[in-house]
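Student: Please take a close look at a single part of this structure. Keep it connected, and give the cut-offs as you go.

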Amino acid sequence: HGQDGHTATLRAEGIERSITCAAEGLASLAQVEEQQLQGVEDVCSLHTVHEAALLHTVRTRYSRQQIYTRVSRILIALNPFQPLPIYTADIYGCYASCADSLDLMPHIFGTGHDAMRGLREGSHDQAIVISGESGAGKTESAKLLLSFIAEVVKSEGAASSTGVSGVEERVMRTNPVLEAFGNAMTARNNNSSRFGKWLDLHFSAPALGMLGCR
């Protein structure tokens, strides 16, 4: 931004606008860095991070249909309100076989990969917390995570050796049942969950065959 008296000039993505505000308000504005306008994959890679830089990064990526933004291992996900070709078998394969999700673009499958990797490499339980406003896509994110984990378990052959056969499909079918008990229409979402969900997946050790869910 540039400033002249009480007027600030904003330039972003070929659009220039002038706004008028108090001088003390202009003085409190942080200087914009070029890197903050690029829509980086990981907010932690910015030299200077503040609320405006984070919001603009997410906005820029969303305009490119890149709905995921990373803050180290934390994933910011925006609801695209349209189907996107980012959950294909090829993309699943990339995240299922990668050594570290940070080597790839931010994705909900990367979060699933991190959880499974934590189970394989250590003896500690793993937890994934999904939060957001109504209509943000929490339920869809949970379904995508479940589908990724179920496919990883099946592709590794763990279910046939130490897990319970077919349990992955039964776990995936629990979501419509849960949704039937407490969904309602809101101003933002025609199918809004009216309750919190807790899914506790159980795996055998060390092969990580899926045993069940509660």
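Tutor: Start with Gln65, which is partly exposed, at a relative accessible area of 45%. The model is predicted: local features need pLDDT of at least 70 and side-chain atom pairs count only at pLDDT 80 or more, while totals for chains, interfaces and linings use all residues. Residues are numbered from 1 along each chain as its sequence is written, and side-chain values use heavy atoms, with hydrogens and water left out.

Gln65 sits in the loop between helix H2 (51–63) and strand E4 (68–71). Helices (H or I, at least four residues) and strands (E, at least two) are DSSP runs, numbered from the N terminus. The backbone of Gln65 deserves a glance: phi is near 60 degrees, a positive value in a residue other than glycine.

From Gln65, step to Leu84. The two are 19 residues apart along the chain, and their C-alpha atoms are separated by 8.1 Å. Leu84 belongs to the loop between strand E5 (74–77) and H3. Leu84 is buried, with a relative accessible area of 13%. Setting aside residues up to four places away in sequence, Leu84 touches Gln65 and Ile67; contact means heavy atoms within 4.5 Å. Phe81 also lies in the loop between E5 and H3. Phe81, though, is exposed, at 63% relative accessible area. Phe81 is not a glycine, yet its phi is positive, about 55 degrees.

Now the helices. Two packed helices are described by the angle between their axes and the distance between the axes. H3 and H4 pack at about 30 degrees, with axes 9 Å apart. Axes are lines fitted to C-alpha atoms, for helices over the stretch in contact, and angles run from 0 to 180 degrees between N-to-C directions. H3 and H4 are therefore roughly parallel to each other. H3 passes H4 in a right-handed crossing. The contact brings Ile91, Tyr92, Tyr95 and Ala96 of H3 against Phe109, Gly110 and His113 of H4. By type, the residues of the contact of H3 with H4 are 5 nonpolar, 2 polar and no charged. Here Ala, Val, Leu, Ile, Met, Phe, Trp, Tyr, Cys and Pro count as nonpolar, Asp, Glu, Lys and Arg as charged, and the others, Gly among them, as polar.

Next comes the pair H4 (residues 108–121) and H5 (residues 138–155), which pack at about 50 degrees with axes 9 Å apart. H4 and H5 are therefore oblique to each other. H4 passes H5 in a right-handed crossing. On the H4 side stand Ile108, Phe109, Thr111, Gly112, His113, Met116 and Arg120; on the H5 side, Ser141, Leu144, Leu145, Phe148, Ile149, Val152 and Val153. The contact of H4 with H5 divides into 9 nonpolar, 4 polar and 1 charged.

Look at Phe109 in H4. At 4% relative accessibility, Phe109 counts as buried. Beyond four places in sequence, Phe109 touches Tyr87, Ile91, Tyr92, Tyr95, Leu144 and Phe148. Its C-alpha is 9.8 Å from that of Gly93, 16 residues away in sequence. Phe148 touches Tyr92, Tyr95, Ala96, Phe109, Gly112 and His113, again leaving out residues up to four places away. Thr111 is another H4 residue, buried at 18% relative accessible area. Its contacts beyond four places in sequence are Leu75, Ile128 and Leu145.

Finally, the core. In soluble globular proteins, nonpolar side chains tend to be buried together. A nonpolar core is a set of buried Ala, Val, Leu, Ile, Met, Phe, Trp, Tyr and Cys residues joined through side-chain atoms within 4.5 Å. The largest one here has 21 residues, and Met116, Phe148, Ile149, Phe203 and Met210 have the most contacts inside it. Helix H3 (89–97), H4, H5 and helix H7 (167–172) each give two or more residues to this core. H5 supplies the largest share, 7 residues.

Of its 214 residues, 30% count as buried.

How values were computed
Parallel < 35°, antiparallel > 145°, perpendicular 65-115°, else oblique. Left-handed = near helix turned anticlockwise from the far one by under 90°. Buried < 20%, exposed > 50% of the residue type's maximum accessible area, 1.4 Å probe, protein only.
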